[in-house]
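I opened this model to look up its aromatic pairs and its disulfides. My notes follow.

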Amino acid sequence: MFFPAIVVFFATQAIVAAGSEERQYGDLQDWYLNNIHIANSNYNYSEPEVFRPGMDKPIRQCDERYGKLFKEVEFLRNLMSKCTGCVGKLSNPAPNADGCFPGACYKDVPCTVPSVTLAIRRRASLECGVIREGDFPYYESGSCPAGYEGNGTVCNQLDVCAKKPCYRGVDCQWIKDSPYYKCGSCPSGYGGDGRNCKKVDFCAKQPCFPNVNCSWKDSAPYFKCGSCPAGYAGDGISCGRNPCLQNPCFKGVSCQKKAVDPYFSCGPCPPGLAGNGIVCGKDSDSDGYPDEELNCKEPTCTRDNCKVQPNSGQEDTNRNGIGDACEDDIDSDGVKNDVDNCPKTFNPRQKDSDGDGVGDECDNCARVKNTNQMDTDRDGMGDSCDDDIDGDGKRNSADNCPKAYNPKQEDSDRDGVGDLCDNCPKRYNPKQKDSDGDEVGDVCSSKSDSDGDGRQDDRDNCPYVANAGQLDTDKDGVGDACDPDKDNDGVPNKVDNCELRWNPNQADRDRDGLGDVCDTDFDGDGAEDWRDNCPRNGQIRRSDFSNFSRVALDPEGTSQRDPEWEVLNNGAEIFQKHNSDPGLAIGNDKVEGLDFEGTFFVKSAARDDDFVGFVFGYVSNRKFYFASWKREEQTYWKSHPFEATATAGVLLKLVNSQTGPGTMLRNSLWNDASKQGQTKLLWQDRAKKGWQFNTAYRWKLLHRPEIGLIRFRLFRGQVLEADSGNLFDFTIKGGRMGVYCFSQALITWSNLKYSCNDEIPRDIYSQLSPETRRKVKPSNNNWLS
C-alpha cells in the first residue's frame, strides 16, 4: 500500500495522454493542480460530464489509476501531519520487535504496542503517542527524556533559560543534565557562580597608598583611590613626596621632586639672575654666580669673583679673591695676560724653546711645536711629543688606533686601522677617507637613511625609528628607541618600574611607582636624577665639552687662521682667541630632544665686528643648525665664488651643504640669505641689532625634533633682546652641540648647559596647533617665564 504511493509521490515527471496528444508535467503536483476536478470526483466515476477548458480529457485507465493514487496520497498526507516523528522512516516502515515503526517516537523514548487484534490493526490509521480504538497501529510513547518536554513523539528542550536564572548580563546555556542550564562567568569585577554574583572587594588588598581612601568602581581595575596626602603627588595608588606643590622655588623657576630630603630641587634662576633656584640674585655677567653673596649654602650662592666678565669656573690662579678673568696679570709675573705666553704660570722670562707661542713653563711639549696643546690621555704630555697618545700601552707607531684606547687592537677588515677608530670596520679602507665628515668612510657610505636621523640604515641600531643619539642601554645591538625591553630584565618597558635598570623582581618598597634600584638614579649613571642633565640617558650626566672636535669649515682658505679653542670649567666654558676662518668646537654627546643655553661675551680688545654663535643638531660638517650674530653690516672681502653680504643682528640657519667645507660653504655662512645647495635661513631678527663689546648675552634654545619645533630666545641681563617664536623644521632629528665663530677674536662662551628633554613646556604647548598638540604631552614646567 505505501510503496506505490511513495514512488509516485517522488516522481519527477508525469505524462498524461489525451487522444493523439500527449502533455508533459513537471511532477504529480503540477498535474494535480491542472486537473483538480478529478480529485474532487467520485473515485469510481465512469466519465466526468464536464471538465475545464485546456484540461486533459481523462480516459478510464487514467481515472482508475489516479483514483487509487490520490487515495494513497491523501492517506500519506494525513499520516505525516499527525506523526512528524515518522517522516524520516517512511522508506523503511517495517515494525520492530515491539511492533513500533522506527522513528515513530522521539529518540530514546520507549515505544510499545498494546495487545489488539490484527484485524483492527489493518484497518487502523496511525496517530503517534495516542491510543485510540479503531486507529492503526496502536502506539504508546513513553515520557520525553530529562530536560525535554512533549508527548513522547515530539520532544523539545526545556527552555529553562527563559526564566533568566543567571545573574544580570551573564550568558545562559542549555545542558542535558539537571538543572538543564549553565551560567557563564560573572561580570568583570564580580565573583560567584554565574547565578549569584557579588562585587569583589578589591580594596581589601589595600591597593592604595597608605591613608588614601579606596572605593569600588564598576570598571577596571574595579577600585578607585582618593587623592594623595598633603605634600605628596601621584594617582593615589603611587604617591611620592612633592613639596613642589607648595611652590618653594623662586618665581619662574621650575621645581622637580626628589626621592630624598628635602624631596625637591629647583632649576636654574631666570636669565640675569643666579643662585640656588630658591634664592636668586642679580648676575650681571650671566655666568651663574650672583654679584653679591646670597643667603644660601650652594656654591652658586657665593659672590662672583669677577662680576664684569663671565667666568663660570671662578678660576683664581693666584688666589687673591679676584677671578682670573678680571685680572690683567693672572700669574703676577709682571707680564700682562694678553702677551704672556704662560698667563696662568709665573714665568717673567717668557722662555719659549720651540717657538710655538706657549712658554716652556706651561708647554706640555716644550721641545716640540704644538700650539694647540692637545693631550688625549691627559697625562700632562702633549700628543705631539707623547709616544703613546691614548695611553693604551701600545706605542703610536704600532698602535692601529693611536688616539683611541684599544689595548686589544681588534682589526676586523685587516686594513691596519683598528675597529674602534675605523670609519668602515668591515671594509678595507686604510686611507679612511670621509668626504662628508659624518664619521662613515666613503667606501661604506650610503644615502639610505629610512628614519632620517642622520645614521645610514646599516649602521643604525633602530633603522626605522629616529634616534640620533643611538642609545643602547643593554648593549644588545637594538637601540632603546625600538627595544621593547631596554634593560633586558624580562619585564616589558610599558610595565617596568625601572625600564633602564635590570630589576626583574620590580621591588618598590615606598610604592611611588619607581623601583627601588632606580628611585634616585633612573639611568644608573651614578648621578642622582636632580643633578643629572639627562636622567634617562646613562651616557650623559653633565654638560661637558672637554673632549670636543675641531671642525674647520674653510680648511683650505688662507685669508685667516683656524680658530684656537681653550676649554675651561670642566668643559662648561670655551674661549676662542683668534680672528679666524669659520670653525666649530663640537662636543661628543648626541641627543634628540634638547634644551641648550649659554652666555656670549666678546672682549673690547678684539676690535672687530663679526660672528659669534652656537651649533645644535650637528650630524656632520655638511649638516647642522646654527645661530649666528653679527655686530655690523658687512660684505665679505672674498667675492669668489659669490659675493656674500651680512647685516647686523641674530639669525638661525640650517646648513645642508652639497659640497661640505670650502669656499662655497664659507661664503654661504657669511651671507644672510639662503643659498641653494648650502644653507637655508630659518629666522632673522627684524630689529637687526648687533652685539656689543663687554656685554654678556644669555641664550636659551629649545629643540624638539619629534614635531620639528625650534624656539630661540636671547637676553641681556633680564631684558629679552630677541625671540624667534615657534619655528618648525624637520630636516635634522638630533645630534651634537657646540659653538661657532667666524672672523671674531676673544670670545667667551660661558656657563654652557644642555639637557635631554622630549617634553613640551606647558606655555609652549599652549601655542601649538591642535593637530600638533595631539602628538605630544605637555610638561608641568614653563619655558617662557
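I started with W565. At 8% relative accessibility I log W565 as buried. My cut-offs: buried is under 20% relative accessible area, exposed is over 50%, and partly exposed is in between (1.4 Å probe, protein chains only). W749 is buried too, at 0%.

Ground rules before going on. This is a predicted model, where local features need pLDDT of at least 70, side-chain atom pairs count only at pLDDT 80 or more, and totals for chains, interfaces and linings use all residues. Residues are numbered from 1 along each chain as its sequence is written, and side-chain values use heavy atoms, with hydrogens and water left out.

**Aromatic pairs**

I searched the whole structure and got 32 aromatic pairs. I count rings of Phe, Tyr and Trp (its six-membered ring) as paired if their centres lie within 6.5 Å; planes under 30 degrees apart are stacked, over 60 edge-to-face, and the rest tilted.

I looked up F545 with Y754. The pair is edge-to-face, 5.5 Å centre to centre, with 80° between the planes. It links distant parts of the chain, 209 residues apart: F545 is in the loop between β18 (280-282) and β19 (549-552), and Y754 is in strand β35 (residues 747-756). Strands here are DSSP runs of E, at least two residues, and helices are runs of H or I, at least four, numbered from the N terminus. I find F545 buried at 1%. Y754 is buried at 3%.

Back to W565 and W749. Their ring centres are 5.8 Å apart and the planes are at 45°, so I file the pair as tilted. W565 lies in strand β20 (residues 565-568) and W749 in strand β35, so the pair ties together parts 184 residues apart in sequence.

**Charges over rings**

I noted two lysines. I say a charge sits over a ring if NZ of Lys or CZ of Arg is within 6 Å of the ring centre and within 35 degrees of the ring normal. K630 has its charged end over the ring of F611, 5.5 Å from the centre. K675 does this with F642, at 4.1 Å.

**Disulfides**

The whole structure gives 19 disulfides. My criterion is a pair of cysteine sulfur atoms within 2.5 Å.

C161 and C172 have their sulfur atoms 1.9 Å apart. The S-S torsion is about -75°, so this disulfide is left-handed. C161 lies in the loop between β6 (155-157) and β7 (172-173), and C172 in strand β7, so parts eleven residues apart in sequence are tied together. C161 is partly exposed at 23%, and C172 is partly exposed at 28%.

C249 and C266 also form a disulfide, with sulfur atoms 1.9 Å apart. I read -90° about the S-S bond, a left-handed link. C249 is in the loop between β14 (239-241) and β15 (255-257), C266 is in strand β16 (residues 264-266), and they are 17 residues apart. Both C249 and C266 are buried.

C306 and C326 have sulfur atoms 1.8 Å apart. With 85° about the S-S bond, this link is right-handed. C306 and C326 both lie in the loop between β18 and β19, so the pair ties together parts 20 residues apart in sequence. C306 is buried at 1%, whereas C326 is partly exposed at 33%.

Last entry: C105 is in no disulfide, and the nearest cysteine sulfur, that of C111, is 3.4 Å away. I log C105 as buried at 11%.
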